[in-house]
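Visitor: Hey, I've got a protein model to look at and I'm new to this. Can you walk me through it?

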Amino acid sequence: MANIGNLKRNEQGVFIGRLVAPDFSVTVYLATVERTKERSPVCEVMGLNPSRDWARLGALFEQTARETGVIFYQGSITPPKTDKRYYITLFRQNDGSFNVVLNEPSNNRRAPMSSPEMAGSGEPGVPADDGLGESTAPNTGLPPIPAGDPAPMGDPVDSGNRRGKANKPAEEPTPAV
């Protein structure tokens, strides 16, 4: 795992920052998506391409740590000028920003081309469908960073939006009559 960047909320409430790795460097922001299912991505990662237009690089999914109940975000991106998919995780910091960590694929992610995990169409070396479906991002020119539409990434002290081991509020005592 290697820290490759930090995303901070700008004046418009949008998380934006720069990701820098040995083979890519890109400015990104997190864009809202319309979720159709609870297990859908919470946001898309948008990046500046070489022609200085915003393009979809990937998506992030909300996760909850089993032991602590801490919320974090995981997904993958394909930066401009690369054909490689990078797996990333975002961890909230005390100041409300997110550190972005590049995850090295573990051995169980690297299935040999002829392994059963790669057999989706019955032909060796053809990957199986990932089950995520098609992107909901528009294909015709992407808008600039939205001024009033930041990705809903929760509040560092707001436990009401947390899933998993969130603290339940204490019940109000019944008033004596």
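Visitor: Which residues form one aromatic cluster?
Guide: That would be Phe-15, Tyr-73 and Phe-98. Keep in mind that this is a predicted model: local features need pLDDT of at least 70, side-chain atom pairs count only at pLDDT 80 or more, and totals for chains, interfaces and linings use all residues. Residues are numbered from 1 along each chain as its sequence is written, and side-chain values use heavy atoms, with hydrogens and water left out.

Visitor: How many aromatic pairs does a search of the whole structure find?
Guide: The search finds 5 aromatic pairs. Rings of Phe, Tyr and Trp (its six-membered ring) pair if their centres lie within 6.5 Å; planes under 30 degrees apart count as stacked, over 60 as edge-to-face and the rest as tilted. One of the pairs is Phe-15 with Phe-98, which is edge-to-face, at 5.0 Å centre to centre and 70 degrees between the planes. That pair links distant parts of the chain, since Phe-15 sits in strand β2 (residues 15–21) and Phe-98 in strand β8 (residues 98–103), 83 residues apart.

Visitor: What about Tyr-73 and Phe-98, what kind of aromatic pair do they form?
Guide: Tyr-73 and Phe-98 are edge-to-face, with 5.7 Å centre to centre and 80 degrees between the planes. Tyr-73 lies in strand β6 and Phe-98 in strand β8, so this pair ties together parts that are 25 residues apart in sequence.

Visitor: Is Phe-98 buried or exposed?
Guide: Phe-98 is buried, with a relative accessible area of 1%. Buried means under 20% relative accessible area, exposed over 50%, and partly exposed in between (1.4 Å probe, protein chains only). Phe-15 is buried as well, and Tyr-73 counts as buried because its relative accessibility is 3%.

Visitor: You keep saying strands. How many helices and strands does the protein come to?
Guide: The count is 0 helices and 8 strands. From the N terminus on, the elements run β-β-β-β-β-β-β-β. Helices (H or I, at least four residues) and strands (E, at least two) are DSSP runs, numbered from the N terminus.

Visitor: Okay, loops next. Where is Thr-82?
Guide: Thr-82 is in the loop between β6 and β7. It counts as buried because its relative accessibility is 15%. A polar atom of the Thr-82 side chain lies 2.6 Å from the backbone oxygen of Pro-79. A polar contact is a pair of N or O atoms within 3.5 Å; within protein, one must be able to donate a hydrogen and the other to accept it, and residues adjacent in sequence count only if both atoms are side-chain atoms.

Visitor: Leaving aside neighbours within four places in sequence, what is Thr-82 in contact with?
Guide: With Asp-23 and Phe-24. Contact means heavy atoms within 4.5 Å.

Visitor: And Lys-81, is that one buried or exposed?
Guide: Lys-81 counts as exposed because its relative accessibility is 78%. Lys-81 is in the loop between β6 (71–77) and β7 (86–92). Its phi is near 65 degrees, a positive value in a residue other than glycine.

Visitor: What is phi of Arg-52 near?
Guide: Phi of Arg-52 is near 65 degrees, again positive in a residue other than glycine. Arg-52 sits in the loop between β4 (43–48) and β5 (54–64), and counts as exposed because its relative accessibility is 62%.

Visitor: What about Asn-10, where does that lie?
Guide: Asn-10 lies in the loop between β1 (2–9) and β2, and with 19% relative accessibility it counts as buried. A polar atom of the Asn-10 side chain is 3.0 Å from the backbone nitrogen of Gln-12.

Visitor: Changing topic: what is the mean pLDDT of the protein?
Guide: The mean is 74, and 59% of the residues reach 70 or more. pLDDT is the predictor's confidence in each residue, from 0 to 100.

Visitor: Over which residues does pLDDT stay under 50?
Guide: Residues 108–130 are one such stretch, where the model has 19 contacts beyond four places in sequence. Another is residues 138–149, with 17 contacts beyond four places.

Visitor: Last one: how much of the protein do buried residues make up?
Guide: Buried residues make up 33% of the 177 residues.
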